[in-house]
Amino acid sequence: MSGSWAPDAARDPGPGGRRRSWSELLAGRVKRQRPNPERAERLREAAVRLLSRRQSLQDLLLEVEGAPRDRLVAPRGAALLGGCQPFLCGWGSALWEEASRLGLPVGILAARMTASGIGRICEALGEPRHPVLLNAEQRKKLSSLLEIAQYLLANSMFCRLSFCQELWKVQNSLLLEAVWCLHTQKTVSLPELLESCPSVQAVAAWLCWNLRLLCEQIEVSRQDTDVASAMLSDFVRIFVLRGFQENSDMKRNVEHEKTPQIAAAVLERMLAFALNALAAGVQEGSSAHKTVRRWVTMFSGYLYCSVAPADSPKRFFRHTLTQMLTHNPVLTVSDAVRMQREWSFGRVHPLLTAWYCRLFVLLSPEELVGLLQEVLETHEVNWQHVLSCVSALGVCMPEASQLVRDWAARLLARAFESYDRDSLATAFLVVRQAALEGPSVFPSYADWFKASFGSARGYHSRSRKALVFLFKFLSDLVPFEAPRYLQVHLLHPPLAPSKYRLLLTDYVALAKTRLADLKVSIENTGLYEDPSSGGDVTEPHSQAPQDVEKAIMVFEHTGKIPATVMEASIFRRPYYLSHFLPALLAPRVLPEVPDPRAAFIESLKRADKIPPSLYSTYRQACSTAEEKQQETPSMTAEPGSAEEPLGALQAALGAFRAVMADPARPDVVSAHITVISERLSAALGRSQDGGSSEMSKIQLDVPAPGLGQQGAKVVDLLLTSFCQNLMAASSFAPPERQGPWAVLFVRTVCGRVLPAVLGRLRQLLCHQGSSLRAPHVVGLAALAVHLREYASVLPEVATGTPTSAKGLSAAEFLDDVLTCRTAASCLLSMKFCTAAVSYSLCRFSSESRDTLYRSLSPSLMKKLQFVVLRLFSEARETVCPEVTADTPWDSLRLPSADWKRAALCLWKQRAFQELLKEKEFRLTYRDWLQLELEIQPEADTLSDTERRDFQQWAIHQHFLPGPSAAGGCDGDLETACSALVQVLLDFCQSSWHFRHPQSPSAVLGDTGSRDLCSRLQEMVTDLELERAGAAGGAQPRPRGHFLFGIFHTRLQALGSGSTVASRLLREQELLMYRRLLLSLPASILFASPGMGEPAAVDCEEFLHLVDSELLSGP
């Protein structure tokens, strides 16, 4: 076919009147003809003639871009970039001819045409408002154009520098997505494009404007969200990498490079825009709010995981935080003293707190506190941002609390060394701000002030000059102080020597005058009011009931009148007599069994802290109330105001559960926890100070403590919420990727109602274990893990039993509550222990070994081994540790857990078997005996035969042959017998029998001891037979029997005390010896000294025991 066909066909519109495109004409020829080198050459020549004679190369470039991709592929076996595609080769030849005609290098001409084409594509939208994203048609056109540019690049027909310069000439029509496509498709990189810009400031302004539009576009429109988010992330990553890189390459002159300047300028402009918007009080729903909200999400640790070097994001985060702390520093220290209450975590703008929490991700607590200290020493600061940052630091990073205390101590030391008012003011502001977040974050301001200035060890006690310095500073603060802080200073004044007492007197007079001006009475301050709550001053009549409730709670847990009440009865009698006692002695119907309130009143009366006339009036009013109740039929109580705060707490917990889809976001989690903490305080009706120093130990009676109706509802809400949150979070992420929500929940929420939480947990585990569903068990087990993790700062628990006289941690208390005595309790223990250990192994899998070990309870680990070996015969076989993707947690997080499968899966895991090699987690022979003795045969899962078989297997096959280092007996039967005897005797004296008193003789014939006594009889008989057959009787028998050696050692340990208690304990011990001797074969009492001399018997030790102890015993 003649080569002249192509021009005529292209010029003829055809019968339909529509002018066909070049690609359509070319596609038709490809369909009808097979690939042929000669035809391809003729076609190329015809195309060159056509393009050179009649067509605009620029128009043709934009026309061909719409051709389907499969029409532009090269023939089989040829590469596209190698020049075998007819159109590209023809267009390239025409480009060479056009460049030659114009006298330009072909690369510059191609760059101009491509840049002009991109500009025309971006202008095609034609909307009045400057957009940032391409539509679908524009993306299609741009993609085809960039494919041609790639061809030109590969064939050295494209000048990148010229292209970048030409592209900036069409900057006004350029869309940000087009720039992003050039970078991602590697036509030209963004740094290369920025280096060729004509003006740094103009390009920085253009980029900042487009980024703001992009942020708003993502928040407003649901279309192209993925593309827009990817664009924003890529731009920010590049700007952070290039704008905050360290100039370590001496060969490069970074100062003259445009890219770092533009990157830093863009980030600086975006930061200034966000801070100005927040300072202006940006309203939710506005375009500025949407822009700032999206920009804040760019401060995410995972966004910069692929950035190298890794220190660039950290420098960016440090720079951003520094700029935030120093932005618009117009507030003075006096303004901060007056307004800092409004800057707590729960009151400051949510976007600002979210920003702080995200900035904290890449910086350690030490770095953050150091940065705060450095900025305060070297810059004028924005006090609102500094103090709100301190609040966020305390809430989001619990480990920073001690660092803030140390920082405040250093500030105090520096202030009194150089008499620096700025350091002293900073210390007071920082401490007050941290205390605003509650006792779970920082001690109350009252406690800090007393500890710092209430003793002779304070910095102010060193000299008269230091004392004058302190009182001058406090006096200068008086006009700006909140009444609560003045009350603290008056109730807990700084210690001043008698010769300088006038300084204190002058300050007290000034502070009282200020309180009088504010119409606040120091005499009517509540006993447990705390300025760290940040609330308004409470009227005495409304504060007194809260003080009464707190005092009763402390009395209930300690058994003593709180020291605060005793002090108030002496030093603050007006409030004590006029408000506290009337609230305490409110008339009511007295219960038949005295409750904590009644017991507290009687204790105060015995201590002469209630006037007799007032007490008599109270008793008479109570009698009157009882008579009226008998006369008036009972009526259903109307819902009171107490239900309102309870409903608010329930709503806050429900909102918190909604964020469990992304539990690893510390900013959102911390904000919700703060709201829950405030609602919890309102529901309990107590002051914010939930961690009084008077509650160093919690006293819980052995019977389940009775919770008030309101308290019981609150605790049930908290426990239910924790379980539901754990299940919801686990459906999205495993425990190790759930962030700190569980720790914050336990520290901030459960830590403040710990006695009630522990009491309720004991009720559930002891009395309602069989009714707990799988999510409940898993949630409570995880709660126990975090209580153990947080145990060092929680008060001890005393249950009134001999074993807990010294106090138990909260986690140890729960371990003690969980028993293995019946079939139901064994099953619950198996579930609880399996869930707790599985959760710990998942939650702390990426932590250090020490952290994992601290989270695990040795008691739960041993109980798990005991129950699994007892219930599942599969576990008694030799275990080959497995490393599989299937973990017990995968099945436990389901609503209907397969507990047997989960327990055996955990048992076979290599990580679990490695734990069993640790001494503290290994179930030893003595541990097994102690747990087996508590089994109640009549309620056991195993039948009598199964129990006998299991005990014989455990003794003879598991523990007896095992090495002593692994908790076994080294194959020594006498060692096994001795351990069993010791455990039996200890069992009779154990705390369990103090709670369930029985005589020692009854104990040895009851419960699990009956079966183990039978095992002891069998083992003693085996031991005699073993010795009889050893060495054919050639070796003489060791003098005496091991049993008498045990008796002698134990009696020596008891001593021969002369007190009644000592004598009774010794008599009880001897009574157990008698019972034990009567249950064993007579051969241990009368035996021949040598197996070859049956005529002679040796009963010396037995007769010595009878003569010296048993005849003189009971």
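This is a predicted model: local features need pLDDT of at least 70, side-chain atom pairs count only at pLDDT 80 or more; totals for chains, interfaces and linings use all residues.
Let me begin with the salt bridges, of which there are 35 in this structure, where a salt bridge is taken as a side-chain nitrogen of Lys or Arg within 4 Å of a carboxyl oxygen of Asp or Glu. Residues are numbered from 1 along each chain as its sequence is written, and side-chain values use heavy atoms, with hydrogens and water left out.

One of these salt bridges joins the side chains of Glu192 and Arg160, at 2.9 Å from N to O. Glu192 lies in helix 10 (residues 190-195) and Arg160 in helix 8 (residues 160-169), so the pair ties together parts that are 32 residues apart in sequence; helices here are DSSP runs of H or I with at least four residues, strands are runs of E with at least two, and both are numbered from the N terminus. Glu192 is partly exposed at 27% relative accessibility, and Arg160 is partly exposed at 30%, with buried meaning under 20% relative accessible area, exposed over 50%, and partly exposed in between (1.4 Å probe, protein chains only).

A second pair is Glu934 with Arg821, whose side chains meet in a salt bridge at 3.7 Å, N to O. This pair links distant parts of the chain, 113 residues apart, with Glu934 in the loop between helix 44 (925-933) and helix 45 (944-959), and Arg821 in the loop between helix 37 (810-817) and helix 38 (823-843). Glu934 is partly exposed, at 24% relative accessible area, whereas Arg821 counts as buried at 16%.

What do Glu914 and Lys917 form with their side chains? They meet in a salt bridge at 3.3 Å, N to O, in which Glu914 is partly exposed at 39% relative accessibility and Lys917 is exposed at 55%. Elsewhere, salt bridges that share partners join Arg870, Glu932, Asp940, Asp944, Arg947 and Asp1011 into one network.

Turning to the chain as a whole, its secondary structure comes to 52 helices and two strands, and 50% of its 1114 residues count as buried. Among contacts with a separation of 6 or more, 77% are between residues 24 or more positions apart, a contact being heavy atoms within 4.5 Å.
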